Amino acid sequence: MTNGSDGTERIVLAACPHDCPDTCSMLVTVRDGRAVAVRGNPDHPFTRGGLCVKVNNYQDRTYSPDRVLHPLRRTGPKGSGRFERIGWDEALATIARRWQAIIAEDGPTAILPYSYLGTEGVLNGLNVGDPFFNRLGATVSERTFCDSGSSTAYFMTIGPTAGVDPEAFRFSRYIVLWACNTMSTNLHHWPFIAEAQAQGAKVVVIDPVRTRTAKKADWHIPIRPGTDAALALAMMQVIIAEDLVDHDYVANHTLGFDDLKARVAGFTPEKAAAITGVPAEDIRTLAREFATTDPAVLRIGVALERHAGGGQTVRAAACLPALTGAWRHPGGGILQLPVWAFPLDWGRLMRPDFLTPGTRVLNQWRLGPALTGEMALDPPIRALFVYNANPAVVAPEQAKIIRGLCREDLFTVVSEQFLTDTALHADIVLPATTQLEQEDIMYSWGHFYLSYNNPAVAPLGEAVPNTELFRRLAATMGFDDPFFRRDDRQMIEEALDWASPALAGITLEALRRDGYARLNLPPAADYAPHRDGNFPTPSGKCEFAASMAANGDFVLPLFRQGSEEFQSCTPVDPLPHYIPPNESPSTNPGLAASYPLNLMSPKSHAFLNSSFANMPQQLHHAGEQSLMLHPADARERNIGDGMPVVISNGRGSFQAVARLSEDVLPGVVVAPMGHWRSRSPGEATVQAVNSGAFADLGAAPTFSDNLVEVAPLAAARAAE
Ligand SMILES: Nc1nc2c(c(=O)[nH]1)N[C@H]1C(S)=C(S)[C@@H](COP(=O)(O)OP(=O)(O)OC[C@H]3O[C@@H](n4cnc5c(=O)[nH]c(N)nc54)[C@H](O)[C@@H]3O)O[C@H]1N2
Ligand SMILES: Nc1nc2c(c(=O)[nH]1)N[C@H]1C(S)=C(S)[C@@H](COP(=O)(O)OP(=O)(O)OC[C@H]3O[C@@H](n4cnc5c(=O)[nH]c(N)nc54)[C@H](O)[C@@H]3O)O[C@H]1N2
Ligand code: SF4
Ligand SMILES: [Mo]
């Protein structure tokens with residue numbers, strides 16, 4: 001079959017690039033050299049022919065008239081969106097000239113790279129720029145956007161294990177979806193849960209909101225945000241007090257049971273009920289059912305880390321399955337990120353050997369304070385290079401970020417597919433390809449299949465994959481190490497540890513041909529990796545009392561951890577415990593007197609973080625920025641359904657349309673994230689009110705730990 005304009009049609013095996021656990025296998029129809037449709041690959045055992053509302057018209061993203069297809073140079077004030085087209089040579093020369101001047105005056109740490117997972121490909125994703133910026137000597141950007149706190153806690157407790165095979169959920173009899181909105185954020189996992197449910201399994205959802213997922217559950221347990229550790233500790237109290245413990249498992253495969261027993265002894269369901277709002281009898285029922293039904297499994301969402309005590313919450317949750325011996329059965333245990341099953345040599349991809357020891361590390365959530373000078377940085381940040389990320393919309397303290405991005409003396413380069421809120425503030429914009437225009441190999445953080453993304457069409461305009469971007473930058477900066485000259489094929493060959501048992505029997509040829517391959521692990525029906533303990537922790541056991549706490553050794557290089565903020569959240573208490581939210585009416589009554597409502601900003605159903613919030617189909621599906629609030633809270637404030645409202649606190653404000661619903665707990669309000677600032681009334685999004693405070697572990701964000709007040713827009717205007 002050919003790719004020519006001779007009326008031929010061909011199907012290309014691809015994979016969705018997005019930062020989503022599903023990593024769907026995708027079939028791209030290419031007609032006359034143009035991608036005309038995408039659909040799910042029915043052969044894929046996990047994603048089974050499905051995509052989602054975000055990606056099922058991905059070709060429209062590729063061919064969007066709003067794509068950035070050529071390098072651009074700013075011609076108007078920062079943020080004005082006025083740019084002129086320039087050539088790649090000129091763009092690269094400008095970048096080199098500005099960087100060299102900055103390096104000569106202030107050293108390379110005055111340059112800050114900023115990136116995350118715009119694409120998740122092994123080549124073009126998380127690590128693509130690390131070797132270059134390490135070699136340049138730029139400030140290291142600590143990437144604790146997602147799951148850094150959860151992962152630190154998980155590693156401390158059971159180590160970097162893949163956990164339960166997501167496909168093995170079909171064998172589970174008791175499934176707890178904890179701070180996880182599967183129907184929106186992990187859609188293709190649902191059929192496995194539904195299959196278990198159809199065979200009699202009980203599905204429990206623990207969430208302050210009666211989400212799409214909660215509506216499908218057998219039991220929805222609404223809980224006050226940020227209080228889940230209290231629930232988990234009380235569950236352990238019940239399990240121990242009522243002797244529902246698997247003593248044999250605990251004796252052989254865990255560490256620190258007596259200490260844990262002493263720790264949770266006072267954490268009665270009554271005490272937890274007062275904190276969580278979950279009735280004590282419900283806590284007892286949940287504990288008993290979890291402990292006595294086999295196989296029982298916890299599926300924790302990333303959202304479980306997003307409050308002051310998020311790390312210890314995950315610690316407590318990760319202890320539960322060992323206490324009850326849930327790990328003995330396929331479909332029993334805990335599922336966090338199965339990505340740990342993939343034999344990726346993150347160290348080799350990042351090239352830490354190119355890094356000058358002692359190079360400054362700056363946490364990404366601190367972008368606003370770093371750019372505005374609120375943080376005393378020596379040298380200050382004079383140049384910013386953003387790729388695979390949209391910090392103007394995904395990071396807290398938005399007003400400070402925008403003020404920083406508007407600094408005339410800041411030299412900002414953004415590699416993008418679109419003129420995002422971040423790109424709008426760039427001095428130079430560089431055009432990036434979409435997944436249909438590039439080749440990559442993909443891991444997954446939601447299943448055990450390695451995927452291959454074959455390129456469907458040639459790059460549009462002058463767009464380049466991130467790999468090519470960094471090849472060009474390296475050549476421009478005179479880096480002559482052959483590492484920087486490798487082509488994509490060579491990079492793919494070197495990306496994985498092919499000698500690893502997990503890849504036994506898998507070849508690149510087969511991957512290209514089939515689009516995916518299951519890692520060489522036992523089939524789901526036999527997969528019980530911790531039946532006999534064998535946890536990848538220092539002791540080989542599930543560590544209720546974490547030895548990593550005693551060693552102070554928490555650094556997960558993957559997230560580039562090492563900032564002062566990160567060091568300051570190093571815990572000392574080796575046992576799981578309850579850390580109350582920073583901002584809640586019971587823990588911060590002073591603040592709550594002015595701002596009584598707890599705001600959460602979870603994921604939008606139709607956007608992928610801020611991606612797709614500029615695409616017509618997805619915008620149509622999502623509608624305007626909404627704020628869900630309980631009718632009782634609305635009544636007190638004279639807010640009616642559909643009314644424009646202002647959400648504010650001491651950090652800022654943004655507008656939304658009120659959606660009155662009893663699906664949310666009184667006292668809690670919900671504004672899904674993702675809408676663009678430039679398309680929002682008042683030029684502000686939920687990030688304008690979100691706190692820059694860190695959680696207790698892994699410098700994780702606290703997006704569920706924010707107090708606000710809500711008022712009708714008309715009343716707020718009148719008061720101005
Ligand atoms: N549609 C869609 N899918 C996505 C994404 C997207 O943007 N859109 N993003 C992807 C990414 S990057 C990630 S990290 C994952 C995240 O996946 P999830 O963690 O599932 O995503 P969220 O929607 O942020 O949060 C899940 C649920 O947790 C609840 N929640 C928030 N705080 C708390 C709390 O303190 N306790 C409890 N018990 N519940 C709480 C929220 O109400 C929400 O319903 O989703 C991925 N998939
Ligand atoms: N309030 C609130 N804030 C949150 C969260 C939340 O739940 N609530 N979740 C947090 C979490 S879990 C995450 S993961 C982060 C996500 O934060 P980000 O990773 O910044 O996510 P996106 O908004 O999708 O931005 C990715 C950008 O990369 C671009 N891109 C895509 N592919 C490529 C490519 O190949 N090359 C280049 N150069 N660019 C590309 C896209 O066009 C897009 O603009 O947000 C965090 N922020
Ligand atoms: S965003 Fe997630 S669910 Fe949608 S196609 Fe991509 S991997 Fe699948
Ligand atoms: Mo994320």
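Author: Let's begin with a term: a residue is near a molecule or strand if one of its heavy atoms lies within 4 Å of it. On that basis, the residues around ligand 3 are Cys16, Cys20, Asp22, Thr23, Cys24, Leu51, Cys52, Lys54, Val55 and His188. Sorted by class, that shell has six nonpolar, two polar and two charged residues. Here Ala, Val, Leu, Ile, Met, Phe, Trp, Tyr, Cys and Pro count as nonpolar, Asp, Glu, Lys and Arg as charged, and the others, Gly among them, as polar.

A word on the ground rules. This is a predicted model, where local features need pLDDT of at least 70 and side-chain atom pairs count only at pLDDT 80 or more, while totals for chains, interfaces and linings use all residues. Residues are numbered from 1 along each chain as its sequence is written, chains are lettered from A and ligands numbered from 1 in the order in which they are written, and side-chain values use heavy atoms, with hydrogens and water left out.

Now the strands you asked about. Strands (E, at least two residues) and helices (H or I, at least four) are DSSP runs, numbered from the N terminus, and two strands pair if DSSP finds at least two bridges between them. Three strands make an open sheet in the order S1-S2-S3, with antiparallel pairing. Its edges are strand S1 (9–15) and strand S3 (34–40), each pairing on one side only. From one strand to the next, the twist averages 30°, using axes that are lines fitted to C-alpha atoms (for helices, over the stretch in contact) and angles that run from 0 to 180 degrees between N-to-C directions.

S1 is joined to strand S2 (residues 25–31) by seven bridges, and Val12 has Val28 in S2 as its bridge partner. On to S3: six bridges link S2 to S3, again antiparallel, with Leu27 partnered by Arg39 in S3. S2 and S3 form a hairpin with two residues between them, and Asp32 in the turn has a positive phi of about 50°. S2 is mostly covered, with six of its seven residues buried; buried means under 20% relative accessible area, exposed over 50%, and partly exposed in between (1.4 Å probe, protein chains only).

Further along there's strand S19 (residues 449–453), where five of five residues are buried. In a regular strand the side chains alternate between the two faces of the sheet. In S19, Tyr449, Ser451 and Asn453 point one way, and Leu450 and Tyr452 the other way. Three bridges join strand S18 (residues 440–442) to S19 in the antiparallel sense, with Ile441 opposite Tyr452, and S18 and S19 form a hairpin with six residues between them. S19 also pairs antiparallel with strand S20 (residues 516–518) over three bridges; one of the partner pairs there is Ser451 and Tyr516.

On a 1 Å grid over the protein atoms alone, a cavity is a set of points where a 1.4 Å probe fits but cannot get out, and lining residues have an atom within 4 Å of a point. Grid points are joined across faces, edges and corners, and a volume is the space filled by probe spheres set on the points. The largest cavity comes to about 190 Å³. Of its 15 lining residues, Tyr116, Leu117, Leu337, Tyr443 and Phe559 are the closest to its centre. That lining divides into twelve nonpolar, no polar and three charged residues.

Technical notes:
1 Å grid on protein atoms, 1.4 Å probe; cavity = no way out; pocket = protein on both sides within 12 Å on 5 of 7 lines; lining within 4 Å.
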